[in-house]
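Me: I would like to know what the labels on a structure rest on. Could you take me through some of them?

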Amino acid sequence: MSAGRVLVTGAAKRIGRVIAIELSRHGFEIAIHYGSSRAEAERVSSECGGAPIFQADLARREEIHRLFEEVRGRCGPLNCLVNNAARFTRIPALEITEADWDFIHDVNLKATFFCCQEGARQMRELGAGRIVNISSLGGIRAWADHVHYCASKAGVIMLTRALAKALAPQITVNSVAPGVIAFNDIDERVQAMIDGTPMGRAGRPEEIAEAVHFFLTGPNFITGQTMVVDGGLNER
Ligand SMILES: NC(=O)c1ccc[n+]([C@@H]2O[C@H](COP(=O)([O-])OP(=O)(O)OC[C@H]3O[C@@H](n4cnc5c(N)ncnc54)[C@H](OP(=O)(O)O)[C@@H]3O)[C@@H](O)[C@H]2O)c1
């Protein structure tokens, strides 16, 4: 029997890819969302036993609706959702334009909310569901060159808390806040954060996937929470 039916957004690459693969390994039926990385999404599909892939630009509300309708039509109603897709830019605070602000918030905060709303409507039909929003240590700690990103991720953390209340008792809503999760993009600034991480290393995407799996399968008495997975960086 399937452990659940889960849509993972931004699942073609990096953290989202590993979340999809790990949840598939744990017996979940996966729906893989991607924005522009079709070839990578197809590879993740084959790594998840041929799981279906779905394209949508999450910056557009109507595409989010189409995405969830397509997933429901092909797989049936969702009982789990992982909002992983996000944008990240580094801009000094006094240079951030309205377009820069909207670019980040349209996906990180607005799309996360409307994905929660669409997913929760399907879960309500089933009478139960689990939502996990991937936030960031940047939603808790202040990063001077990422004011817009930090604000969007702090929004995700509060969205998680407020939705947990709004959607109880059927649906849990929790968040995982990664610290530095390294791929092959370590520049000087990222290296400085890794050097400052008490555990003495960057995180692995599998560690984020494990935290997501906990919220999807753990006690449903846990809701509205953010689990920081950062090797202790927040405690410095
Ligand atoms: N990496 C880290 O160290 C770190 C640290 C803290 C928090 N996080 C959070 O963890 C999550 C995953 O991080 P990551 O570094 O793996 O992410 P990423 O590579 O920057 O982005 C993940 C995916 O989001 C999708 N996406 C972005 N804009 C989209 C749009 N308009 N429509 C549809 N899809 C869109 C992209 O899909 P396509 O490629 O298909 O277009 C992209 O592959 C994010 O929420 C991020 O903020 C990461």
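What follows goes through the labels one by one, each with its definition.

Reply: This is a predicted model, where local features need pLDDT of at least 70, side-chain atom pairs count only at pLDDT 80 or more, and totals for chains, interfaces and linings use all residues. Residues are numbered from 1 along each chain as its sequence is written.

Me: Why is Gly 139 called buried?

Reply: A residue is buried if 20 or more other C-beta atoms lie within 10 Å of its own, exposed if 12 or fewer, and partly exposed in between; C-beta atoms are placed from the backbone. Gly 139 has 23 other C-beta atoms within 10 Å, so it is buried. Its place is in the loop between S5 and H5.

Me: Which residues is Gly 139 in contact with, leaving aside its neighbours within four places in sequence?

Reply: Two residues are in contact if their C-beta atoms, placed from the backbone, lie within 7 Å. For Gly 139, the partners are Cys 150, Lys 153, Ala 154, Val 156, Ile 157 and Ala 177.

Me: Is Arg 14 buried, exposed or partly exposed, and what makes it count that way?

Reply: Arg 14 has 17 C-beta neighbours inside 10 Å, so it counts as partly exposed. Arg 14 lies in helix H1. Helices (H or I, at least four residues) and strands (E, at least two) are DSSP runs, numbered from the N terminus.

Me: What is the phi of Arg 14?

Reply: Its phi is positive, about 50 degrees, although Arg 14 is not a glycine. Most residues other than glycine have a negative phi, and most peptide bonds are trans. The peptide bond from Ala 168 to Pro 169 is cis, with omega near 5 degrees. Pro 169 is found in the loop between helix H5 (147-167) and S6.

Me: How do you know that S4 and S5 pair?

Reply: Two strands pair if DSSP finds at least two bridges between them. Strand S4 (residues 80-83) and S5 have four bridges, in the parallel sense. In S5, Val 132 is the bridge partner of Val 82. S6 (residues 171-178) and S7 also pair over four bridges, again parallel.

Me: What makes S3 and S7 edge strands?

Reply: The open sheet has seven strands in the order S3-S2-S1-S4-S5-S6-S7, with parallel pairing. S3 (53-55) and S7 (226-229) each have a single partner strand, so one side of each is left without a neighbour in the sheet.

Me: How do you know that S5 is mostly covered?

Reply: Six of the six residues of strand S5 (residues 129-134) are buried. Gly 129, Ile 131 and Asn 133 are on one side, while Arg 130, Val 132 and Ile 134 are on the other.

Me: What makes a set of residues a nonpolar core?

Reply: It is a set of buried Ala, Val, Leu, Ile, Met, Phe, Trp, Tyr and Cys residues joined through C-beta atoms within 7 Å. The largest one here has 58 residues. Val 6, Ile 19, Ala 20, Ile 30, Ile 32 and Val 212 touch the most other members. Leaving aside neighbours within four places in sequence, Ala 20 is in contact with Val 8, Ala 11, Ile 30, Ile 32, Val 44 and Cys 48.

Me: Which residues come nearest to the ligand?

Reply: A residue is near a molecule or strand if its C-beta atom, placed from the backbone, lies within 6 Å of it. There are 25 residues around the ligand, and Gly 10, Arg 14, Gly 35, Ser 37 and Ala 86 come nearest. Helix H1 (residues 14-25) gives the most to this shell, with three residues.
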